[in-house]
Amino acid sequence: MPELKYKDIVGDGGSHVLDQVEAQQDRLSQRLSRVGCILGIMSGKGGVGKSTVTANLARILAIRGKSVGVLDADLNGPSMAKLLGVRGHKPDVSEKGVVPALSKDGIRIMSMDFFLDADEDPLQWQGPTSDQHVWRGLLEANTLRELAADTDWGELDVLLIDLPPGSDRLTMVCDTLKRMDHLIAVGIGSDLSQLIVGKSVTLARRVLEQPLLGIVYNMRHYFDPATKRLMPLFLSEDEAKLHQLTMLADIPFDPRLLSCGDQGRSFPEEYPHSPTSVALNAVADQLLNKLAAKEIS
Amino acid sequence: MKFVCSECTEPMKLDKAGGLEEDGTFSVRFACPSCDWGFVMWTNPQETQMVRSLGVKIGGNTVPSAPLETIRTHMHGSTSATTGSGGKCPFSGLMDPQD
Ligand SMILES: [Zn+2]
């Protein structure tokens, strides 16, 4: 065998794979350079209302006059198009890139939902039908990179990333996008939520070294619009204290939030004084304060 | 993955990419630039799919990839959703379109 080491061998025979990957990364970072802040909303566990928090936080930031984008990173269970009332959008390609959907309140949205023909269609890839686990993750990471890099976001104050559930997905998204300025964790405070969300929090901190803005409690209370009272729903031990996180807000469940989401209507606009909107505004306040402080420093 | 001619300790150069079969197997010929010794590498469908999942082109990429190329070329039923050219061949997009 020759005394050559891998690093001594120049090039890869003509495919220039490294150059191709670098070109992909350049395209991504160039696109995201016009985004002021990239904020990931994570939960680790499904069913805690993370996507509802993402959609309504985006709406509130838009109401506050910020230019907002939403990237639905949940490729297999996209929900942002429905929650923001833009299902059925067919992305055109312009000179600047792929045109995102635009919600009534001016939010720019990109989601796999736009590429699935029918409601019941799952995301399926062409290729060998067996052992898809071998390559599916790679293809999905590449798809996510394209959705971020090829969408004409324009100038954005904030790009919200609705992360898929599962701590492994958090790693994939952060690795792929190469940039995540802040993360918010969403939990419902139940023992199970604490257990699973805790894993994502640990991963974000220790492995990815991502800055966590804090945790948003969702649905620990239930707001009854008829009696205007807050009733306990998933109340339990203090999750924020447990994970040493700043508690950003305690968002009570409001049944009207669900019907607004189902119909793609804006809850914060229709019910601006509900405790749920007030709590969502508190999250926006803290994020905007953080961004303003960064601008000053 | 890199290949070196064991006689000349020269990196092998990609000579010809092609031979993509319908079942997803794929062949690439490499040749030594010094002694012209060559070999053909075959990939099985899973290996072929791994390469195309990376979004890179075998033999290099002379034209920038089209927007959302992965979705256009690799997703089932994607051709109606975008203005691109999603090929019927499930392994389209593996080689440089210039080739
Ligand atoms: Zn040789």
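I began with A:Glu270, which is partly exposed at a relative accessible area of 37%. My cut-offs: buried is under 20% relative accessible area, exposed is over 50%, and partly exposed lies in between (1.4 Å probe, protein chains only). The model is predicted, so local features need pLDDT of at least 70 and side-chain atom pairs count only at pLDDT 80 or more, while totals for chains, interfaces and linings use all residues. Residues are numbered from 1 along each chain as its sequence is written, chains are lettered from A and ligands numbered from 1 in the order written, and side-chain values use heavy atoms, with hydrogens and water left out.

**Salt bridges**

I looked up the partner of A:Glu270. A:Glu270 forms a salt bridge with A:Arg265, with the closest N and O atoms 2.7 Å apart. The rule asks for a side-chain nitrogen of Lys or Arg within 4 Å of a carboxyl oxygen of Asp or Glu. A:Arg265 is partly exposed, at 28% relative accessible area.

I then searched the whole structure and noted 18 salt bridges over all chains. One of them joins the side chains of A:Asp150 and A:Arg27, at 3.1 Å from N to O. This pair links distant parts of the chain: A:Asp150 sits in helix α4 (residues 133-150) and A:Arg27 in helix α1 (residues 17-32), 123 residues apart. Helices here are DSSP runs (H or I, at least four residues), strands are runs of E (at least two), and both are numbered from the N terminus. A:Asp150 is buried, with a relative accessible area of 4%. A:Arg27 counts as partly exposed, at 26%.

Next I took A:Asp250 and A:Arg220. Their side chains meet in a salt bridge at 2.9 Å, N to O. A:Asp250 is in strand β11 (residues 247-253) and A:Arg220 in strand β9, 30 residues apart. A:Arg220 is buried, with a relative accessible area of 10%.

I also noted a network of salt bridges that links A:Arg136, A:Glu140, A:Asp168 and A:Arg169.

**A buried threonine**

I checked A:Thr54 in helix α2 (residues 50-63) of chain A. A:Thr54 is buried, with a relative accessible area of 0%. Its side chain makes a polar contact with the side chain of A:Asp162, at 2.9 Å. A polar contact is a pair of N or O atoms within 3.5 Å; within protein, one must be able to donate a hydrogen and the other to accept it, and residues adjacent in sequence count only if both atoms are side-chain atoms. Leaving out residues up to four places away in sequence, A:Thr54 touches A:Ile41, A:Met80, A:Leu160 and A:Asp162. Contact means heavy atoms within 4.5 Å.

**Positive phi**

A:Lys178 is not a glycine, yet has a positive phi of about 65°. I found A:Lys178 in the loop between α5 (167-177) and β8 (182-187) of chain A. A:Lys178 is exposed, at 58% relative accessible area.

A:Lys228 has a positive phi near 60° and is also a residue other than glycine. A:Lys228 lies in the loop between β9 (212-224) and β10 (229-232) of chain A. A:Lys228 is exposed, at 65%.

**Chain B against chain A**

I finished at the interface. The contact takes 45 residues from chain B and 42 residues from chain A. I counted zero salt bridges between chain B and chain A. The rule finds 17 residue pairs in polar contact across this interface, both residues at pLDDT 80 or more. On the side of chain B that touches chain A, β3 (13-18), α1 (45-53) and α2 (69-74) of chain B each supply at least two residues.
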